[in-house]
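This briefing concerns the structure shown below.

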Amino acid sequence: MAVIVLAGGFLTIVNERSNSDEATRREVIAVAASIANEPSTPTAIASDDPTAYLQPETERIRKVTGVDFIVVMAPDRTRFTHTTVDLIGQPFSGNIDRALGGETFTETYVGSLGPSIRAVTPVTDSTGAIVGLVSAGVTRDKISDQFLAGLPLIIGVVISAFIVAAGGSVALSRRLRRQTLGMAPDELRSMYEHHDAVLHSISEGLLVFGKRDTAEIVNDEARRLLDLPDGPVRRTDLPESLQHMTSGGELHLTETRVLVVNSDPVMWEGRRLGDVLTIRDRTELQGVIGELDSVRSFAESLRSQAHESANRLHTVITMVELGRPQEAVEFATADLELSQNLIDRLMGAVGEPALAALLLGKVSQAAEQSVELTITEDTALEHAGIVTPRELVTLVGNLIDNAIDASKESEQPWVEVTVRDSASELLVRVSDSGPGMPADVLRTALTRGYSTKSGSRGLGLALVTQVVNRYHGTLTSEVTYGSVLTATIPLGRPS
């Protein structure tokens with residue numbers, strides 16, 4: 001800023017000096033021409049004593065106009081007037097050839113008063129003949145004095161401009177440092193390069209929203225996990241469950257993924273600048289957890305069956321010891337026949353071993369929780385079609401788990417399960433003695449993106465919805481003889 005202001009001041013001084021010379025030239029030309037064009041001037045030159053008339057008149061004009069000398073001369077250079085009286089009658093020193101040719105011109109010449117800017121113009125009579133010449137001039141010393149007199153103003157303006165520029169530069173520097181948190185340009189560049197590399201390399205999705213609805217930062221992983229389009233990302237582009245998320249961590253399900261989303265505010269000096277959303281993919285992990293839950297469920301079922309079998313075996317042994325062997329045989333045979341009938345029926349009707357094992361396990365698990373779980377007689381599954389065994393277990397298992405939990409709210413809890421397929425669709429119907437599912441919960445679960453902050457039942461329902469949506473199926477809820485949830489999947493190709 002100092003260099004710019006000083007350079008501007010220097011150029012202003014040079015320009016002012018040039019303008020001063022140009023103004024002086026215009027002034028001396030005007031003075032000389034006004035005297036030469038005066039009708040009395042050629043008359044006085046032609047008189048017997050030109051000096052007697054012209055000297056007082058030219059001195060008066062000189063004093064009024066501020067020029068340093070006015071010389072009226074004959075064509076042979078003889079002076080009729082001059083500021084220095086002793087020089088009157090002596091030859092004029094300077095160039096007059098162009099004026100004798102009828103031209104008015106200016107020149108810088110070192111004359112009797114020193115260096116000066118002078119103008120020379122011809123004087124003509126009524127016939128147009130040149131009868132004399134007029135020269136008016138201002139010395140360089142006077143021009144310099146006038147220039148130096150105006151120089152303090154120019155210097156004052158330059159100093160004021162420098163002060164204003166310096167103050168503005170300091171203010172701008174402080175503002176920039178506040179905006180950049182005191183970091184220099186090279187630090188900012190280095191930080192940008194590192195952050196950009198990190199954003200593109202991390203395996204978590206990242207979105208940063210400021211005060212506007214458009215995300216300020218979106219990395220590649222976030223676009224992949226949320227299926228976001230290229231270009232600017234607005235909140236309305238996010239799944240519905242994420243559009244109004246404030247803070248904390250939640251599970252969110254899209255049509256194809258299970259996501260863990262954390263939202264944290266960005267604070268600076270007590271002000272909230274925006275929000276940061278971090279997204280992690282738990283789809284594969286959730287599948288593994290689902291399989292682990294199934295194994296755990298089977299293990300719990302085996303444990304409960306082993307416990308129940310031990311009780312029954314002790315009962316049979318005690319009856320034998322009491323001398324009642326026939327009754328002991330009847331007791332053991334009836335219990336075995338009941339369990340074997342269920343196993344035989346499910347293994348014969350359900351062609352998917354994983355589903356048959358799941359249903360058998362859920363019967364024992366429900367019994368242990370004092371819930372009567374019934375597999376309807378019309379349950380029959382030849383094949384699951386395009387639905388994989390894992391998806392089938394996820395669909396049926398979560399519906400049964402939710403039904404068992406809901407049925408406990410009644411005095412005599414029960415659950416009824418139907419799984420069957422036809423040439424065109426797969427149907428899973430789970431009924432229970434619970435109060436039923438609110439319509440808004442089911443409607444929310446069917447939307448794109450679903451928050452499971454409500455707990456395990458919310459996650460189970462969301463996982464069911466994910467499977468149903470993947471195959472363009474339907475999930476309905478009604479209350480008839482109990483709370484009934486029905487999932488229907490057309491046996492076509494998945495989306």
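Strands E5 and E6 form a hairpin with five residues between them; strands here are DSSP runs of E with at least two residues, helices are runs of H or I with at least four residues, and both are numbered from the N terminus. The model is predicted, with pLDDT of at least 70 needed for local features and 80 or more for side-chain atom pairs, while totals for chains, interfaces and linings use all residues. Residues are numbered from 1 along each chain as its sequence is written, and side-chain values use heavy atoms, leaving out hydrogens and water.

**Hairpin**
- E5 (residues 205–209) pairs with E6 (residues 215–218) in the antiparallel sense over three bridges; two strands pair if DSSP finds at least two bridges between them.
- Within this pairing, Val208 lies opposite Ile217 in E6.

**Overall fold**
- The protein contains 14 helices and 15 strands.
- Of its 495 residues, 39% count as buried (under 20% relative accessible area, with a 1.4 Å probe and protein chains only).
- Among contacts between residues at least 6 apart in sequence, 56% join residues at least 24 apart; contact means heavy atoms within 4.5 Å.

**Five-stranded sheet**
- An open sheet of five strands has the order E10-E11-E12-E15-E14, with mixed pairing.
- Strands E10 (372–375) and E14 (474–479) stand at the edges with a single partner strand each, so one side of each is left without a neighbour in the sheet.
- From one strand to the next, the twist averages 15°; axes are lines fitted to C-alpha atoms, for helices over the stretch in contact, and angles run from 0 to 180 degrees between N-to-C directions.
- E11 (residues 414–421) and E12 (residues 425–432) run antiparallel and are joined by seven bridges.
- Arg420 stands opposite Leu427 in E12.
- Helix H11 (residues 353–368) packs on the sheet, where it touches E10 and E11, and its direction makes about 155° with that of E10.
- Helix H12 (residues 389–407) also packs on the sheet, touching E10, E11, E12 and strand E15 (483–490), and its direction makes about 15° with that of E12.

**Cavity**
- One cavity of 30 Å³ or more is counted; a cavity is a set of points on a 1 Å grid over the protein atoms alone where a 1.4 Å probe fits but cannot get out.
- The largest cavity holds about 60 Å³ of space, a volume being the space filled by probe spheres set on the points, which are joined across faces, edges and corners.
- Its lining residues (an atom within 4 Å of a point) include Phe69, Arg79, His82 and Arg118.

Technical notes: On a 1 Å grid over the protein atoms alone, a cavity is a set of points where a 1.4 Å probe fits but cannot get out, and a pocket is an open set with protein on both sides within 12 Å along at least five of seven lines; lining residues have an atom within 4 Å of a point. Buried means under 20% relative accessible area, exposed over 50%, partly exposed in between (1.4 Å probe, protein chains only).
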